[in-house]
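Hi,

Here is the model we talked about, handed over for you to open next to this message. My notes follow below it, and I would be glad to hear what you make of them.

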Amino acid sequence: MNDLNELVEGVLGRADDGEAMEVFASAGTEVEIKVYDGRVENLARAASGGVGIRILREGAAGARIGVAWTGSLDENAIDRAVSEARDNVRVASEDEFLAFARPDGVAAASLELTDLSVRSMSLDDKVALVVETERLQRVS
Amino acid sequence: MTLVDDGTEAGEWGYVAVDDEGHRGTRATLIENGVLTDYMWDYLRARSAGHGRSGNGRRQGYQYLPMVRMTNTFLLAGDSDADEIVAQTPYGIYVAQLGGGQVNTATGDFVFGMTSAFLIEGGRITTPLRDCNLIGNGPAILQRVDAVAGDFAMGGPGTCGKDGQQVPVGTGQPTLRLSAVTVGGTAS
């Protein structure tokens, strides 16, 4: 999370004078294990991440927003996305109601939505867990 | 009939501590006792209408722009008895489970498949039905709700699609009765 925050702060620092910038970054990993009749039928591991960028520039009749994104956390890819968002501002239409949401002072909630112990489990332990779960399902 | 959208329902699939525009999730009553009272709002629409935000600005991910989306949307319990509603229905369809569907958000026209449904004959649930759909228009069909039971329950985790974006949502309702609805299917 801290890495992503630093990345977002770094991208925000690339805003030019007169630009407001919104950066949405996410990263995640995924493990999918399918077990049938006691045997692993499918096992997939994947990682994904990307950055979405919106640049807003005020005009005479409202704001214009340019949008671009990259499915990578690589600095060069992010640079290209910032440049594309900036290009897209130039061709966007002005709209008096376009704006970026501003912080309302509400503290970020502390959420415990997932079992973090899963993150520290080895792949072998995850496979064993799924195999055992499937066995229990068959004998129940 | 009272319909609520509530992003603050912790533990439900559509829970949002904050929406994707940084506004905290809220509970909004959209229809209260049959009267339309509010809408869901993202920042852009709220600004254009001079309305407060409601925590419904959501986006699937970094590739997408935020737009107005539901969170946990549910119909509150009424004062009828679910068994009595069936017993007082001479002929109808009991829908135990809805499947996938489509809604034209501009017109409100919808079609939803029924994955588990039965005929109601003489106030009793009888023959199972298969391969049939409910077809209608949202605002029109809401005016045909003539009984709402007290057996409210949230459904399972759901996904709502809109303009190519999928977001996790929750839905819930009690047993309710429509006085009439178009049913489509294949005659056999």
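This is a predicted model: local features need pLDDT of at least 70, side-chain atom pairs count only at pLDDT 80 or more; totals for chains, interfaces and linings use all residues.

Arg54(A) lies in strand S2 of chain A. Is Arg54(A) buried or exposed? With a relative accessibility of 10%, it counts as buried, because the cut-off for that class is under 20%.

The surroundings of Arg54(A) come from both chains. Leaving aside residues up to four places away in sequence, Arg54(A) touches Ala20(A), Met21(A), Glu22(A), Ile65(A), Gly66(A), Val67(A) and Phe100(A), and also Leu65(B) and Pro66(B). Of these, Val67(A) is the residue of S3(A) that stands opposite Arg54(A).

Which residue meets the side chain of Arg54(A) in a salt bridge? That partner is Glu22(A), with an N to O distance of 2.8 Å. The pair links distant parts of the chain: Glu22(A) sits in strand S1 of chain A and Arg54(A) in strand S2 of chain A, 32 residues apart. Both partners, Glu22(A) and Arg54(A), are buried. As a general point, side chains of opposite charge can pair when their charged atoms come close.

Now to the strands around this spot. Strand S2 of chain A covers residues 39-59, and it pairs with S3(A) in the antiparallel sense over nine bridges. S2(A) and S3(A) form a hairpin, and two residues lie between them. S3 of chain A, residues 62-70, is mostly covered, with seven of its nine residues buried.

Another residue worth a look is Met21(A), which has its place in strand S1 of chain A. Its relative accessibility is 12%, so Met21(A) counts as buried. Not counting residues up to four places away in sequence, the residues that Met21(A) touches include Val11(A), Leu12(A), Ala15(A), Ile53(A), Ile55(A) and Val82(A). Arg14(A), Arg54(A) and Arg86(A) are also among them. Phe100(A) is another of its contacts. In sequence Met21(A) and Phe100(A) are 79 residues apart, while in space their C-alpha atoms are 8.3 Å apart. Phe100(A) also touches Arg54(A).

On to the interface of chain A and chain B. Here 23 residues of chain A are in contact with 18 residues of chain B. How much area do the two chains bury between them? The value is about 1,700 Å², and 65% of it is on carbon and sulfur atoms. The rule finds one salt bridge across this interface. In that bridge Arg59(B) pairs with Glu22(A), the closest N and O atoms being 3.1 Å apart. Glu22(A) therefore has a salt bridge to Arg54(A) as well as the one to Arg59(B), as both N to O distances are within 4 Å.

Also across the interface, four residue pairs are in polar contact. On the side of chain A that touches chain B, the elements giving two or more residues are strand S1 (19-36), S2 and S3 of chain A. S2(A) gives the largest share, five residues. By type, the residues on this side of chain A divide into 12 nonpolar, six polar and five charged.

Some other salt bridges may interest you. Over all chains, the count by this rule comes to 17. One of them joins Glu134(A) and Arg138(A), whose closest N and O atoms are 2.9 Å apart. These two are four residues apart in helix H3 (residues 123-139) of chain A, which means that about one helical turn separates them. Glu134(A) counts as buried because its relative accessibility is 14%, whereas Arg138(A), at 43%, counts as partly exposed.

In chain B, Asp6(B) forms a salt bridge with Arg27(B), and here the closest N and O atoms are 2.9 Å apart. Asp6(B) lies in strand S1 (residues 3-6) of chain B and Arg27(B) in strand S2 (residues 27-32) of chain B, so this pair ties together parts that are 21 residues apart in sequence. Asp6(B) has a relative accessibility of 2% and so counts as buried, while Arg27(B), at 45%, counts as partly exposed. Back in chain A, salt bridges that share partners join Asp16(A), Glu19(A), Arg57(A) and Arg86(A) into one network.

Best wishes

Methods: Residues are numbered from 1 along each chain as its sequence is written. Chains are lettered from A and ligands numbered from 1 in the order in which they are written. Side-chain values use heavy atoms; hydrogens and water are left out. Buried means under 20% relative accessible area, exposed over 50%, partly exposed in between (1.4 Å probe, protein chains only). Two strands pair if DSSP finds at least two bridges between them. Contact means heavy atoms within 4.5 Å. Buried area is the accessible area (1.4 Å probe) that two parts lose on being put together, summed over both. A polar contact is a pair of N or O atoms within 3.5 Å; within protein, one must be able to donate a hydrogen and the other to accept it, and residues adjacent in sequence count only if both atoms are side-chain atoms. Ala, Val, Leu, Ile, Met, Phe, Trp, Tyr, Cys and Pro count as nonpolar, Asp, Glu, Lys and Arg as charged, and the others, Gly among them, as polar.
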